[in-house]
Amino acid sequence: MNNRLLPKLRRLLPLAPAFFLSGCTLDLLDPRGPVGLQNRNVILIELGVMLCIVIPVIIMTLYFAWKYRESNTSAEYLPNWDHSTKIEFFVWGVPAVVIVILGAIAIITSYTLDPYRPLHSAEAAGRKPLNVEVVALDWKWLFIYPDQGVATVNQLAVPVNTPINFRITSDSVMTSFFIPRLGSQVYAMAGMQTQLHLLASAPGDYLGEAAHYTGRGFSDMKFRTLAMTDEDFNQWVEKVKGASDSLDSADYPQVAAPQEAAPVKYFAHVQPNLFDSIVAKYNNGMVIDKSTGQVMHMQSAMSDMQMKE
């Protein structure tokens, strides 16, 4: 009986990848925020436009192969044929139209999905944004909440329907910050700070990852994004404030040391302007003042902050 089954099972081997993929979810196509939703729509629209060429080409290829097969002696044979205005029109006209459509989509979405552009959605109306500073390390993510005075490693918590203003940098090689279900991948680079504005529209536990190879620990450079209600978020903040560790310039080098598959860690207190000091060490101590947009020395920025307090 086993001898009879083996040949049948071998025939099913090409289908094996489908069984393994059946339990996977394509996060990009299952968004949980307005930016992720627009990202998905752009992907589907561009896919549909390109299929308008791919599908007819496949059909015509199969049709021509069948019509002009060797055994079809009735097929038209034109050995001296060299030009057709109709064919030239379709060969050049259709791709030109497709390029114009894709170009228009790229121009429009480059503006509407600009990661530096603050969100103005109906869900976020009247809600104060949450500020989060992100530092890419080897091979983990450090999240600093300047307004709450806390920090975490490899865990990001956000309240739903609240705009999230990210400032992103790296204290190592260049990598990419990406939460597929919320949208917009943005690079993190040493000595520079990029911005990203996102919003989670539904509670959940979403994957976050580095989308740019950075060495042997890259495969484990992931984090969880916990989208929760306001009440749950406030409880989470209190939980972090109850941790035993704090983070300042003296403790930071140990936190920044390379580590593979780093566990989640909480810091009950974080040194003010730690993010700016990380950026400044690659720029001779110079940073951009957030209130004025002017470039100034880190020590001057800290002095101005203390005077305002």
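**Figure 1. Aromatic ring pairs in the predicted model.** In this predicted model, the count of aromatic pairs comes to 14. One of these pairs is formed by F143 and F177, whose ring centres are 6.4 Å apart and whose planes stand at 65° to each other, an arrangement described as edge-to-face.

Figure 2. F233 and W236 are both buried.

**Figure 3. Y145 and the nonpolar cores.** In soluble globular proteins, nonpolar side chains tend to be buried together. The largest nonpolar core of this model holds 40 residues, and the members that touch the most others are Y145, F166 and F177. When residues up to four places away in sequence are not counted, Y145 touches L130, N131, V132, V150, T152, L156, A157, F233 and W236. Apart from this core lies another one, made of 16 residues, including L142, L247, V255 and A256.

Figure 4. S184 sits in the loop that runs between strand 6 (175-178) and strand 7 (186-188). Is S184 buried or exposed? With a relative accessible area of 12%, S184 is buried, because the cut-off for that word is under 20%. Leaving aside neighbours within four places in sequence, S184 is in contact with V35, N39, L113, F177, F178, L196 and L198. S184 and P115 are 69 residues apart in sequence, yet their C-alpha atoms are 7.0 Å apart in space.

**Figure 5. Helix 3 and its bend.** Helix 3 (residues 34-67) contains 34 residues and reaches 49 Å from its first C-alpha to its last, which is close to the 50 Å expected at 1.5 Å a residue. At L51, helix 3 bends by about 35°. The buried residues of helix 3 include P34, V35, G36, N39, V42 and V49, and the buried residues of this helix pack against helix 4 (85-112) and strand 8 (194-198).

**Figure 6. The two annotated spans.** According to the UniProt record, an unreviewed entry, the annotation "transmembrane region" covers residues 42-66 and 87-111. In the model, residues 42-66 are 100% helix and 0% strand, and the C-alpha atoms at the ends of this span lie 36 Å apart. Residues 87-111 are also 100% helix and 0% strand, with their end C-alpha atoms 37 Å apart.

**Figure 7. The chain as a whole.** Among contacts between residues at least 6 apart in sequence, 67% join residues that are at least 24 apart.

Methods. Residues are numbered from 1 along each chain as its sequence is written. This is a predicted model: local features need pLDDT of at least 70, side-chain atom pairs count only at pLDDT 80 or more; totals for chains, interfaces and linings use all residues. Side-chain values use heavy atoms; hydrogens and water are left out. A nonpolar core is a set of buried Ala, Val, Leu, Ile, Met, Phe, Trp, Tyr and Cys residues joined through side-chain atoms within 4.5 Å. Buried means under 20% relative accessible area, exposed over 50%, partly exposed in between (1.4 Å probe, protein chains only). Contact means heavy atoms within 4.5 Å. UniProt positions are given in the numbering used here, feature names are shortened, and annotations may be inferred rather than shown by experiment. Helices (H or I, at least four residues) and strands (E, at least two) are DSSP runs, numbered from the N terminus. The expected span of a helix is 1.5 Å times one less than its number of residues. The bend at a residue is the angle between axes fitted to the seven residues ending there and the seven starting there. Rings of Phe, Tyr and Trp (its six-membered ring) pair if their centres lie within 6.5 Å; planes under 30 degrees apart count as stacked, over 60 as edge-to-face and the rest as tilted.
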